[in-house]
Amino acid sequence: MASEAVIVIENLRKSFGNLHVLQGVDLTVNQNENVVVLGRSGTGKSVLIKILVGLLKPDSGYVSVLGQEVETLKGRELDQFRQKVGFSFQNSALYDSMSIRENLEFPLVRNVRNLSRAEIDRAVEEALDDVGLSQTINQMPSELSGGQRKRIGIARTLILKPEIMLYDEPTAGLDPITCIDINNLINEVKERYKATSIIITHDLTCAKATGDRVAMLLDGKFERVGTFDDVFADSDERVQQFYNYNFVN
Ligand SMILES: Nc1ncnc2c1ncn2[C@@H]1O[C@H](COP(=O)(O)OP(=O)(O)OP(=O)(O)O)[C@@H](O)[C@H]1O
């Protein structure tokens, strides 16, 4: 049976003045697939993610997510759509003045009406359990390590049970062992939630561990899309430079 396409991007273009960031991006992501987006700084990875969730409008092209053309969504429709698409920010984006419990409750209370106290408690406990950090429930973000904060950031996204997860540099700034933990968590989310994920990273170990396919953004387009090994078997200088830079430096 052919896999269902959950994200379809065709000939997507986006410029800021004379800066032509996305210059004809094509990509299809299938149900329950992890696709890693690679590219040097400033190549437009975050711009692409923002277009996918309707935070930026494309200049032209077609973007459909979960069967909906994102650009056409407004108001309540856009709110409902965004609940199905979890966005895990690079800096974890936790509220420092709130406990871990309060941080996790926040998206639930804001997005899902009429939940009982018991339902909220259960959802928070489940999300914390999913990321293996139940014991931190009454702690403050400042008391946690960088890796734990990343996990809590992911738990806070998972609490709404999204169909799509977007990870923005999930392993940035973490030591290699903690990176492996986060990679494993991303793969567990795929298995447990049957989620479809896009993972933006500069970390090739993360790309190899989590990506069913990797897509490399070069000069405004996904010129190389395939398995990690296929993409890096390419002798193109830009591809090899990216690989060598990651492992030599
Ligand atoms: N709202 C905006 N207005 C003007 N320029 C923007 C805007 N958003 C992004 N850009 C520019 O678009 C380019 C791509 O930015 P983007 O944040 O997508 O890069 P990136 O690939 O995610 O980089 P990094 O890996 O460093 O996070 C950059 O040159 C950036 O300055």
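**Questions on a predicted model**

Q: Which residue just after helix 1 takes a positive phi of about 80°?
A: The model considered here is predicted. Just after helix 1, a positive phi of about 80° is taken by Gly 54.

Q: Where do the buried residues of helix 1 fall when seen down its axis?
A: Helix 1 covers residues 45-52, and its buried residues are Lys 45, Val 47, Leu 48, Ile 51 and Leu 52. Seen down the helix axis, these fall within an arc of 165°, so they line one face of the helix.

Q: Which element gives the most to the shell around the ligand?
A: The ligand is surrounded by Phe 16, Leu 19, Val 21, Gly 39, Ser 41, Gly 42, Thr 43, Gly 44, Lys 45, Ser 46 and Val 47. At least two residues of this shell come from strand 2 (19-30), and at least two from helix 1. With three residues, the element that gives the most is helix 1.

Q: How many residues of the shell around the ligand are nonpolar, polar and charged?
A: The shell includes residues such as Phe 16, Ser 41 and Lys 45. Its residues divide into four nonpolar, six polar and one charged.

Q: Which strands stand at the edges of the open sheet of four strands?
A: The four strands of this sheet follow the order 2-1-4-5, with antiparallel pairing.

Q: How many bridges join strand 1 to strand 2?
A: Strand 1 (residues 5-16) and strand 2 run antiparallel. The bridge partner of Ala 5 in strand 2 is Asn 30, while that of Lys 14 is Leu 22. The number of bridges joining the two strands is nine.

Q: Which residue takes a positive phi in the hairpin of strand 1 and strand 2?
A: This hairpin has two residues between the strands. The positive phi there is near 60°, and the residue that takes it is Gly 17.

Q: Is strand 3 largely enclosed or left open, and how many of its residues are buried?
A: Asn 34, Val 36 and Leu 38 point one way from strand 3, whereas Val 35 and Val 37 point the other way, and all are buried. Strand 3 (residues 34-38) is therefore largely enclosed by the rest of the structure, with a buried count of five of five.

Q: Which residue of strand 9 stands opposite Leu 38?
A: Strand 3 pairs in the parallel sense with strand 8 (residues 196-200) over four bridges, and there the partner of Val 37 is Ile 200. Four bridges also join strand 3 to strand 9 (residues 213-218), again running parallel. In strand 9, the residue opposite Leu 38 is Met 216.

Q: Is Ala 155 buried or exposed?
A: Ala 155 has its place in helix 5 (residues 146-158). Leaving aside neighbours within four places in sequence, Ala 155 is in contact with Leu 104, Ala 127, Leu 128, Asp 130 and Val 131. Within 10 Å there are 24 other C-beta atoms, and the cut-off for burial is 20 or more. Ala 155 is therefore buried.

Q: What separates the C-alpha atoms of Ala 155 and Val 21?
A: Val 21 belongs to the shell around the ligand. Ala 155 and Val 21 are 134 residues apart along the chain, and their C-alpha atoms are separated by 32 Å.

Q: Which residues is Val 53 in contact with, leaving aside its neighbours within four places in sequence?
A: Val 53 lies in the loop between helix 1 and strand 4 (60-65). With 18 other C-beta atoms within 10 Å, Val 53 is partly exposed. Its contacts are Arg 82, Val 85 and Phe 87.

Q: Which residues does Phe 228 touch, not counting those up to four places away in sequence?
A: Phe 228 has its place in helix 8 (residues 228-232). Phe 228 is partly exposed, with 18 other C-beta atoms within 10 Å. The residues touched by Phe 228 are Ala 207, Lys 208, Gly 211 and Val 214.

Terms used:
Residues are numbered from 1 along each chain as its sequence is written. This is a predicted model: local features need pLDDT of at least 70, side-chain atom pairs count only at pLDDT 80 or more; totals for chains, interfaces and linings use all residues. A residue is buried if 20 or more other C-beta atoms lie within 10 Å of its own, exposed if 12 or fewer, and partly exposed in between; C-beta atoms are placed from the backbone. The arc is that of the directions from the helix axis to the C-beta atoms. A residue is near a molecule or strand if its C-beta atom, placed from the backbone, lies within 6 Å of it. Ala, Val, Leu, Ile, Met, Phe, Trp, Tyr, Cys and Pro count as nonpolar, Asp, Glu, Lys and Arg as charged, and the others, Gly among them, as polar. Two strands pair if DSSP finds at least two bridges between them. Two residues are in contact if their C-beta atoms, placed from the backbone, lie within 7 Å.
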